[in-house]
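Take a look at the chain below.

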Amino acid sequence: MTEQDVLGLVRKNILHLSPYSSARDEYQGKEAIFLDANENPFETGYNRYPDPRQTVLKQRIGRIKGVVPANMFLGNGSDEAIDLLIRAFCEPRIDNVIAPQPTYGMYEVSATIQDIEVRRPLLNKDFSLNIDEILNVADMHSKILFLCSPNNPTGNCHSKIKLQQLLERFNGIVVVDEAYIDFAPEKSIMPELKNHPNLVVLQTFSKAWGLAGLRLGMAFANKVVIEILNKVKPPYNINVLTQHAVSEALTRKATTRKWLNTIIEQRGVLIEELRQLKAVEKIYPTDANFILIKVGDPKAVYDYLVKKGVVIRDRSKVALCEGCLRITVGLPDENKALLKALTNFA
Ligand SMILES: *Cc1c(COP(=O)(O)O)cnc(C)c1O
């Protein structure tokens with residue numbers, strides 16, 4: 001697919017949209033008397049609007065990710081990027097998106113809010129991608145294919161070869177959601193960005209970086225896609241606090257690395273210990289910071305754990321996940337408490 005092909009996928013009203021030009025878009029100098037944005041002149045630390053282009057933050061993220069700001073979009077969580085992609089590419093009641101199941105729920109919610117049909121082919125039994133199923137449900141109105149790797153709630157990475165095949169064969173935008181990539185032995189698919197203008201890679205500060213409360217997500221893509229996202233985003237979507245706090249967090253790479261190692265190590269401990277428990281019928285392989293397990297009576301296990309003060313996620317109603325519970329890897333003591341409670345489950 002070429003950049004021109006990608007532009008052909010954009011909704012016509014969006015392609016021709018002249019975006020809102022904020023006061024800070026029009027004047028970007030630093031030293032001045034700012035009487036352009038109707039702000040309150042008294043200093044509170046937050047009386048000025050944030051940088052709508054997040055220039056400093058993007059440069060810092062770019063250094064870590066090896067991406068220039070022109071190929072980067074920042075959203076109020078990756079959830080905002082998901083929503084904007086759907087609104088930019090999908091014509092309500094005409095276009096559709098494809099989300100192989102089971103997967104992250106926000107693709108479907110965001111699409112449904114826009115009255116966009118969601119096509120839901122199943123993953124294979126081992127949660128790998130079924131390329132034929134996916135391409136079979138696709139038609140000329142299928143604008144976005146959402147692939148999550150490592151996948152939530154199953155935990156597995158999808159094979160690079162299959163992702164590549166879909167990038168070549170699907171005639172729309174392919175979103176690869178890598179929210180959990182830092183926990184995986186697999187490398188990011190980002191190097192493929194230069195070969196595929198239809199590829200969008202989502203990452204987030206909510207998981208490995210420990211900043212879910214700040215709401216910052218990243219979309220990496222060809223500049224054509226990034227320009228479209230910048231056009232449709234709210235002008236000040238990333239607030240001043242978030243821009244500063246994430247810039248600051250980026251200087252603590254060693255600490256983040258240490259957390260990551262502890263979480264990965266604890267994941268191994270949890271898997272070993274869960275294996276010993278009678279209540280646990282199956283533990284699915286995971287490349288993320290959570291573990292999907294299968295039990296005989298998921299509701300009973302869930303309720304029992306809640307009574308013991310441990311909250312996990314019941315995924316047993318989700319396609320292919322009958323009897324399944326999803327457990328996030330916590331601190332060593334939290335994991336011990338979970339195991340102790342599960343051991344006592346009759
Ligand atoms: C947690 C998660 C995200 C992160 O969303 P944010 O809005 O960035 O917090 C994205 N995708 C998946 C699959 C997730 O599980």
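The lining of the second largest cavity divides into seven nonpolar, three polar and no charged residues. Here Ala, Val, Leu, Ile, Met, Phe, Trp, Tyr, Cys and Pro count as nonpolar, Asp, Glu, Lys and Arg as charged, and the others, Gly among them, as polar. This is a predicted model: local features need pLDDT of at least 70, side-chain atom pairs count only at pLDDT 80 or more, and totals for chains, interfaces and linings use all residues. Residues are numbered from 1 along each chain as its sequence is written, and side-chain values use heavy atoms, with hydrogens and water left out.

**Cavities**

- A cavity is a set of points, on a 1 Å grid over the protein atoms alone, where a 1.4 Å probe fits but cannot get out; lining residues have an atom within 4 Å of a point.
- Grid points are joined across faces, edges and corners, and a volume is the space filled by probe spheres set on the points.
- The count is two cavities of 30 Å³ or more.
- The second largest cavity holds about 30 Å³ of space. Its lining includes P100, P102, F146 and H158.
- The largest cavity holds about 60 Å³. Among its lining residues are S149, H158, K160 and E178.
- Five nonpolar, two polar and four charged residues make up the lining of the largest cavity.

**The largest pocket**

- A pocket is an open set of points with protein on both sides within 12 Å along at least five of seven lines.
- Helices (H or I, at least four residues) and strands (E, at least two) are DSSP runs, numbered from the N terminus.
- Helix α10 gives the most, with four residues.
- The pocket lining divides into eleven nonpolar, nine polar and six charged residues.

**Helix α10**

- Helix α10 spans residues 240-249, and its buried residues are V240, T242, Q243, V246, S247 and A249.
- Buried means under 20% relative accessible area, exposed over 50%, and partly exposed in between (1.4 Å probe, protein chains only).
- The cover over these buried residues includes α4 (55-65) and α11 (253-275). Contact here means heavy atoms within 4.5 Å.
- At the start of α10, a side-chain oxygen of N239 comes within 3.0 Å of the backbone nitrogen of L241.

**Salt bridges**

- Side chains of opposite charge can pair when their charged atoms come close.
- A salt bridge is a side-chain nitrogen of Lys or Arg within 4 Å of a carboxyl oxygen of Asp or Glu. The count by this rule is 16 salt bridges.
- R11 pairs with E91, with the closest N and O atoms 3.5 Å apart. R11 sits in the loop between α1 and α2, E91 in the loop between α5 and β2, 80 residues apart.
- Is R11 buried or exposed? R11 counts as buried because its relative accessibility is 14%. E91, at 27%, counts as partly exposed.
- K143 pairs with D95, and their closest N and O atoms are 3.0 Å apart. K143 lies in strand β4, D95 in the loop between α5 and β2, 48 residues apart. Both K143 and D95 are buried.
- R119 forms a salt bridge with E117, the closest N and O atoms being 3.0 Å apart. E117 counts as partly exposed, at 42% relative accessibility.
- Salt bridges with shared partners join R24, D36, E39 and R48 into one network.

How values were computed:
Polar contact = N/O pair within 3.5 Å; in protein donor to acceptor, adjacent residues only side chain to side chain.
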